[in-house]
Amino acid sequence: MTTNQLVEEIRRKRSFLCIGLDVDLTRIPQHLLKEEDPVFAFNKAIIDATHHLAVAFKPNLAFYEAYGIKGLQALGKTIDYLNEKYPEIFTIADAKRGDIGNTSGMYAKAFFEDLNFDSVTVAPYMGKDSIEPFLAYENKHTILLALTSNAGAYDFQTQKVEGVELYKKVLEVSKGWKNGQNLMYVVGATKAEYLTEIRKIIPESFLLVPGVGAQGGSLQEVCDYGMNRKVGLLVNSSRGIIYASKGEDFTEAAAEKAKELQVQMAGFL
Ligand SMILES: O=c1ccn([C@@H]2O[C@H](COP(=O)(O)O)[C@@H](O)[C@H]2O)c(=O)[nH]1
């Protein structure tokens, strides 16, 4: 999916919501545990109930790898289901990969070719040659961690290197890489006060913004400081939507929470 197609979807649905599919078997409704593949059954039900309110879905790889082969099979079924039934949805593999170039090439192949995600999150720590294999896929999007939502972001990302904060260096340097226009960046909603500075460096780029809902980030602040003329935001909520209820009404409860965010988002568009 191109960035322009994503922007069209955002305008059509009046939503820039990304729903995180972070499936934890201890938190899903009991009755689903009887299913042959409870993780996929849960995802399918959540996707069917909320797809009209969101423009993106983001499975986090940890929640699938934790269940071994079965988890990876559930991930495969989930991305196939999204691509076949809802091709207008932007898909994000939240995998936070990155390694020497030769190895990154295999990560890129896994997420972009085999699984056919639109995008994957990547850690910038190993530098240009670790990101280039992802950027080589010109019709896909590489989402670089810039300023993450957790407290540990202050350990390195906001520290100065030669007088410049590390997250700013990541933004400045990466935007000059070949196909750098295909880069998106992760900025936590809990760090909204940094968005004005971030927009000075990357005014046009899309940002994946996790941290509203369970982590307490403010959608209002994210929009005030981070929105650009093409919206430029995908705001993620995972637990706050998918675990709104542990009962038989879990899909209705998830849709209600997603609707609350979509209505707020429509007000910012
Ligand atoms: O800086 C980051 C980067 C990634 N995440 C991921 O986003 C979701 C957030 O889940 P919630 O339940 O809405 O808190 C999760 O998959 C994180 O690993 C992030 O939170 N912050």
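1. Two strands pair if DSSP finds at least two bridges between them. Helices (H or I, at least four residues) and strands (E, at least two) are DSSP runs, numbered from the N terminus. On that basis, proline 210 stands opposite asparagine 236 in S10, and S9 and S10 run parallel, joined by four bridges.

2. The model is predicted: local features need pLDDT of at least 70 and side-chain atom pairs count only at pLDDT 80 or more, while totals for chains, interfaces and linings use all residues. Residues are numbered from 1 along each chain as its sequence is written.

3. UniProt, in an unreviewed entry, lists residues 16-254 as "domain: Orotidine 5'-phosphate decarboxylase". UniProt positions are given in the numbering used here, feature names are shortened, and annotations may be inferred rather than shown by experiment. The span of residues 16-254 is 39% helix and 19% strand, and its end C-alpha atoms lie 16 Å apart.

4. Eight strands form a closed barrel in the order S1-S2-S3-S4-S5-S8-S9-S10, with parallel pairing. From one strand to the next the twist averages 30° (axes are lines fitted to C-alpha atoms, for helices over the stretch in contact, and angles run from 0 to 180 degrees between N-to-C directions). Strands of a sheet pair through backbone hydrogen bonds, either parallel or antiparallel.

5. Several pairings can be checked residue by residue. S2 (residues 56-59) and S3 (residues 90-97) are parallel over two bridges, and phenylalanine 57 has threonine 91 in S3 as its bridge partner. S8 and S9 run parallel, joined by two bridges; here valine 186 is partnered by leucine 208 in S9. Three bridges join S1 (residues 17-21) to S10, also in parallel, and leucine 17 stands opposite valine 235 in S10.

6. Is S10 buried or exposed? Five of the five residues of S10 are buried, so this strand is largely enclosed by the rest of the structure. A residue is buried if 20 or more other C-beta atoms lie within 10 Å of its own, exposed if 12 or fewer, and partly exposed in between, with C-beta atoms placed from the backbone. On one side of S10 the buried residues are Leu233, Val235 and Ser237, and on the other Leu234 and Asn236. S9 is likewise covered on both faces, with Leu207 and Val209 buried on one side and Leu208 and Pro210 on the other.

7. Helix H10 (residues 219-226) lies across S9 (207-210) and S10, running at about 165° to S10. Contact here means that the C-beta atoms of two residues, placed from the backbone, lie within 7 Å.

8. The shell around the ligand has 18 residues, of which Asn60, Thr148, Pro210, Ser238 and Arg239 come nearest. A residue is near a molecule or strand if its C-beta atom, placed from the backbone, lies within 6 Å of it. S10 (233-237) and helix H11 (239-242) each supply at least two shell residues. By class, the shell has three nonpolar, 12 polar and three charged residues. Ala, Val, Leu, Ile, Met, Phe, Trp, Tyr, Cys and Pro count as nonpolar, Asp, Glu, Lys and Arg as charged, and the others, Gly among them, as polar.

9. Most residues other than glycine have a negative phi, and most peptide bonds are trans. Asparagine 116 has a positive phi, near 60°; this residue is in the loop between H5 (101-114) and S4 (119-122). Asparagine 116 is partly exposed because it has 15 C-beta neighbours inside 10 Å. Asparagine 179 also has a positive phi, near 65°, and is found in the loop between H8 (166-174) and S8 (183-187).
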